[in-house]
Amino acid sequence: MSDKHKVEAILFTTGRFMSLDDIAKFCEIGSVGYVKELLEELKKDYEQRDSALTVVQQEELVKLNIKKEYNFAVISAVSPSTSFHSN
């Protein structure tokens with residue numbers, strides 16, 4: 001199991017902004033610097049692939065997020081007024 005995939009799994013699962021310290025703790029990685037390197041690799045991975053996801057950073061916090069161009073789909077899917085019916 002790769003450390004980069006651990007970081008990705010934690011970001012995906014939490015769905016919230018996290019500090020590098022928290023990511024390191026949850027992934028059982030001893031070095032925040034190493035986590036920072038892994039996040040840079042993840043950012044590049046998402047930029048290079050055709051994906052709706054991206055790694056977003058605000059100051060020292062990081063989150064796996066949906067690219068802005070897909071917000072319309074997400075908003076309508078999670079809106080309380082939207083209901084799905086099966087036939």
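Predicted model: local features only at pLDDT ≥ 70, side-chain atom pairs only at ≥ 80, totals over all residues.
Let's begin with how helices pack. Two packed helices are described by the angle between their axes and the distance between the axes. Here, helix 1 (residues 3-14) and helix 2 (residues 20-27) have axes that come within 10 Å and cross at roughly 115°. That makes helix 1 roughly perpendicular to helix 2. Their crossing is right-handed.

Which residues meet where these helices touch? From helix 1 come K6, V7, I10 and L11, and from helix 2 come I23, F26 and C27. Sorted by type, the residues of this contact are six nonpolar, no polar and one charged. Take I10 in helix 1 as an example. Leaving aside neighbours within four places in sequence, I10 is in contact with M18, F26 and C27.

Now for the charges. Side chains of opposite charge can pair when their charged atoms come close. The whole structure has five salt bridges. In one of them, D3 pairs with K6, with the closest N and O atoms 3.5 Å apart. Both lie in helix 1, three residues apart, about one turn of the helix.

Because K25 and D22 are three residues apart in helix 2, about one helical turn separates them. K25 is exposed, at 59% relative accessible area, while D22 is partly exposed at 26%.

In helix 3 (residues 32-48), K43 and E40 are also three residues apart, and their side chains meet in a salt bridge of 3.4 Å, N to O. K43 is buried, at 18% relative accessible area, whereas E40 is partly exposed at 37%. Finally, salt bridges that share partners join K4, E41 and D45 into one network.

Key. Residues numbered from 1 in each chain as written. Heavy atoms only, no water. Axes fitted to C-alpha atoms, helices over the stretch in contact; angles between N-to-C directions. Helix = DSSP H or I, 4+ residues; strand = E, 2+ residues; numbered from the N terminus. Parallel < 35°, antiparallel > 145°, perpendicular 65-115°, else oblique. Left-handed = near helix turned anticlockwise from the far one by under 90°. Contact = heavy atoms within 4.5 Å. Nonpolar A, V, L, I, M, F, W, Y, C, P; charged D, E, K, R; others polar. Salt bridge = Lys/Arg side-chain N within 4 Å of Asp/Glu carboxyl O. Buried < 20%, exposed > 50% of the residue type's maximum accessible area, 1.4 Å probe, protein only.
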